[in-house]
Amino acid sequence: MMEGGMQLLNRDGHSISHNSKRHYHDSFVSMNRMRQRGLLCDIVLHVSNKEIKAHKVVLASCSPYFHAMFTNEMSESRQTHVTLHDIDPQALEQLVQYAYTAEIMVGEGNVQTLLPAASLLQLNGVRDACCKFLLSQLDPSNCLGIRAFADTHSCSDLLKSAHKYLLQHFVEVSKTEEFMLLPLKQVLDLFSSDTLNVPSEEEVYRAGLSWVKHDIDGRRQHVPWLMKCVRLPLLRRDFLISNVDTELLVRHHAECKDLLIEALKYHLMPEQRVNLYNIRTRPRRCEGASPVLFAVGQCVLEGGGSLFAIHGDCEAYDTRTDRWHMVASMSTRRARVGVAAIGNRLYAVGGYDGTSDLATIESYDPITNTWQPEVSMGTRRSCLGVAVLHGLLYAAGGYDGASSSHLATVEKYDPLNNAWTAIANMLSRRSSAGVAVLEGMLYVAGGNDGTSCLNSVERFNPKTNTWEGVAPMNIRRSTHDLVAMDGWLYAVGGNDGSSSLNSIEKYNPRSNKWVAASCMFTRRSSVGVAILELLNFPPPSSPTLSVSSTSL
């Protein structure tokens, strides 16, 4: 009850809360105006010939550097004038302004002075903004400079991103002035990287020679070190002979001759490549690369389902976007084709074009999105089996059409030499067989010999160029798939000559026995099988089907 009898409160303990959303903003705007006019300022920062007035409490509130300076027992805490060293005057003025406004412009004109200044004052938000800007500016012409700048100022994320960009764009970077000025150690580190992205090892070799010739008198002695990091065995044989062997800078060093001999042995003795394995024979794999699934060639029904049309169309599935994309078509229409990948190229082998079986082969380059012809096989083959072993592509069996013959012949293709070589014939004629690689051996299972479906299995030893029979499958199969997983071979589905199959059996090479695995829900012939490594499987509530070994 107020004096005079007026009652203002009718309920004890009642209150309201007031929150001004503009208070902080308006207060800092006002303080910044005072700073600009020199009002109530209690510190003057001296850098070079520049004086910057400010309030200690504002600087200390946003910068751990100034907080330590003004609150600890340092002499600066009692001073009204402080001199700063190793910081750009313009950058300091911008950062003081940022302390009051929370806004700053980062651009090409100031980022190189602003980032070290923000690092010194421990203004991590500004430092991160500078790194983000530099990341957006990465280009083959500057990524080496940005990488060095990030390393100098301990910007680990930017350093990692710039280095990754460098590896992914090495071909373009290797032609820049920045690359030519790199010290030897950094060049060797790049050349040694397994994740260097190059369409062929020739690019690494050329980059090394260009770097040496940029200062030939000062760098010629480094050629052996460079050549040890170039994966000479992965160069084409004609390039080795016509370019590497004739290069005087290489021929001058005995160590280089030994490396050249090693590379030529790798080419001339492909069956011994497994014994010649070392870092120089290991293909590089670009960091960040993701798998892409290719579907090659097709045979589709037309005319109401009574006619087949064969095409050379190809499409690719991007696992990152969950989308299919059309890519360049093959130069030849192909169905019943063998497809395999070696390195960064896709190979389409043989097949049927609607008129005849094919001996031709073509390869797809995903960088240029083009197909190019390679040397043809010695034999026409459709319904063949293909697999890759020790960098060589094997084409096994098939059907040649001309003699109505199912084939026992096998050829291997060396992409380094672009040449096919016949190897020992299989023990049986086979088309539509399953082919897989396990523990350094090439396995061929089942198929059709022109009379019946087969259950026999044989394997090829590349060291001895011989085939040997192993335990037969429990069921005859053709048009099935054969896949290696966890040290076992799995034969999936197919046709036994009378009906399609849902059965699966697996082979243990240690015991030389086939045993049953659980059957599929659906009978499948001309089936395709692939393997994914998954952490959690099966999905919740998925149906299951189990079967005993007596089902085979």
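Arg35 lies over the face of Tyr100, at 5.2 Å from the ring centre. A charge is taken to sit over a ring if NZ of Lys or CZ of Arg is within 6 Å of the ring centre and within 35 degrees of the ring normal. A further case is Lys228, whose charged end sits over the ring of Trp225, 4.8 Å from its centre. The structure is a predicted model, in which local features need pLDDT of at least 70 and side-chain atom pairs count only at pLDDT 80 or more, while totals for chains, interfaces and linings use all residues. Residues are numbered from 1 along each chain as its sequence is written, and side-chain values use heavy atoms, with hydrogens and water left out.

An unreviewed UniProt entry lists residues 41-108 as "domain: BTB"; such annotations may be inferred rather than shown by experiment. Over residues 41-108 the chain is 41% helix and 19% strand, with helices (H or I, at least four residues) and strands (E, at least two) taken as DSSP runs numbered from the N terminus. The end C-alpha atoms of residues 41-108 are 32 Å apart.

Aromatic pairs were assigned to rings of Phe, Tyr and Trp (its six-membered ring) with centres within 6.5 Å; planes under 30 degrees apart count as stacked, over 60 as edge-to-face and the rest as tilted. The count by this rule is 14 aromatic pairs. Among them is the edge-to-face pair of Tyr205 and Phe239, at 5.6 Å centre to centre and with 90° between the planes. This pair links distant parts of the chain, since Tyr205 is in helix H12 (residues 202-214) and Phe239 is in helix H15 (residues 237-244), 34 residues apart. Tyr205 is buried at 2% relative accessibility, and Phe239 is buried at 4% (buried means under 20% relative accessible area, exposed over 50%, partly exposed in between; 1.4 Å probe, protein chains only). The rings of Tyr317 and Trp324 have centres 5.4 Å apart and planes at 45°, so this pair is tilted. Trp324 is partly exposed, at 44% relative accessibility. One aromatic cluster is formed by Tyr65, Phe66 and Phe70.

A search of the whole structure for disulfides (pairs of cysteine sulfur atoms within 2.5 Å) finds zero. For Cys130, the closest cysteine sulfur is that of Cys131, at 6.9 Å, which is too far for a bond. Cys130 is buried, with a relative accessible area of 0%. Cys519 is likewise in no disulfide, and the nearest cysteine sulfur, in Cys453, is 18 Å away. The relative accessible area of Cys519 is 15%, so Cys519 counts as buried.
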